[in-house]
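Q: I am new to reading protein models. Could you walk me through a few features, one at a time?

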Amino acid sequence: MRRTSTLIGLLLVLCFASCESKKEEKKEESTFLVTNPIKKDTVIKKDYVCQIHSIRHIELRALEKGYLKHISIDEGQFVKKGQKLFNIMPNVYQADLQKAKAEAEVAEIEYKNTKLLADSNVVSANELAMSKAEYDKAKAEVFLTQTHLGFTDIRAPFDGIIDHLEVREGSLLDEGEKLTTLSDNSKMWVYFNVPEAEYLDYITNTGKARAKEVSLIMANNKMFNQSGIVETIEGEFNNQTGNIAFRATFPNPDKILRHGETGSVLMSVPFDDALLIPQKAIFEILDKSYVYVINADGVVKQREIEIEATLPNLFIVSKGLSTKDKILLEGLRMVKNNEKIHTKFLEPNEVLNKLDLYAE
């Protein structure tokens, strides 16, 4: 019985040793894929929520107090510059104008009579000057009443689209009361906020000679049929959000866009000679990124890198690698630092062709 137990124990030891030997052989025989980082000109596309504004959007208000006699337009109507929109009852102002003109005529007659007397040395020069001043004052009153009468006709200051009418015919208006708004939609200003890091990428990688073009995705997730140009960037960052506002201008020939719409701006940030590696070649420890670099002896060396930007399935590396380095492409969890492995080299272009790459 004792001999039988000893025999079974020996068999188990031999079996365990055999299994361990097979595992070691299998591990030694494993071949890992490696490749080089590659440099390419590429473009990162980023989208930002945006607000769409008319290039000119103003409130039309009553400049005089009175009854609204007539509305010549309707909501949503396109109007031309100088077109009559509203008419405030002008009777009082017409009467004021007639009165001012009559007073001006009287003052003119008095001035002419005084001048004749002055020429004959009947009245003094001071009296002539007083008469001239009264005449000038009367003429100014005529001009003033003409101006007030002109304010009773409200006309379009530019071509645009009429918004909601705030008043109706017959309404009693106060001076300064809002009537409607007018929007010039020939071009649209699109505002969007960019984080500081992405702003720096944009500024440092967009040359002056490049067209700073952006695209617009409308609220229905369809692409707007015109390209825009980034024309201005505000002067300072928002301390609470860490963002800075960009403004792009889009032509709007078909009048599709309206003031107050929302959407997403799609902006391309170019990177020249970007050093690209597959995302799957990177592993993270805490907040740092690493790759396994294979030296000339086939030994795995862990190396820290810095990532500058992200592409679909790819990272742009700013520090830690060169195109001469060989990096482990797959099996990162199967190797250890300073371990010697068998490798198979794949050309970088062959690796990239198997990825969903956006590069030029």
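Q: Which residues gather in a patch of negative charge on the surface?
A: Keep in mind that this is a predicted model. The patch of negative charge on its surface brings together Asp 74, Glu 75, Asp 163 and Glu 166. To place one of them, look in the loop between β3 (66-71) and β4 (78-79), where Asp 74 is found. Asp 74 counts as partly exposed because its relative accessibility is 48%.

Q: How many salt bridges does a search of the whole structure find?
A: Start with the general idea: side chains of opposite charge can pair when their charged atoms come close. Here, the search finds twelve salt bridges. In one of them, Glu 59 meets Arg 61, at 2.6 Å from N to O. Glu 59 also forms a salt bridge with Lys 178, with 3.9 Å between the closest N and O atoms.

Q: Is Lys 178 buried or partly exposed?
A: Lys 178 is partly exposed, because its relative accessible area is 26% and buried means under 20%.

Q: Which strands are joined to β12 by bridges?
A: Strand β9 (residues 178-195) is joined to β12 by nine bridges, and the two run antiparallel. In this pairing Pro 195 stands opposite Asn 243. Strand β11 (residues 228-233) also runs antiparallel to β12, with four bridges between them. There, Thr 232 stands opposite Arg 247.

Q: How many residues of strand β12 are buried?
A: Seven of the nine residues in β12 (residues 243-251) are buried, which leaves the strand mostly covered.

How values were computed
Residues numbered from 1 in each chain as written. Predicted model: local features only at pLDDT ≥ 70, side-chain atom pairs only at ≥ 80, totals over all residues. Heavy atoms only, no water. Buried < 20%, exposed > 50% of the residue type's maximum accessible area, 1.4 Å probe, protein only. Pairing = 2+ DSSP bridges. Patch = residues over 30% accessible without salt bridge, like charges linked within 9 Å, V, L, I, M, F, W, Y side chains within 5 Å. Areas by Shrake-Rupley, 256 points an atom, 1.4 Å probe, with all protein chains shown as cover. Salt bridge = Lys/Arg side-chain N within 4 Å of Asp/Glu carboxyl O. Lys, Arg positive; Asp, Glu negative; His and termini not counted. Charge placed at Lys NZ, Arg CZ, Asp CG, Glu CD.
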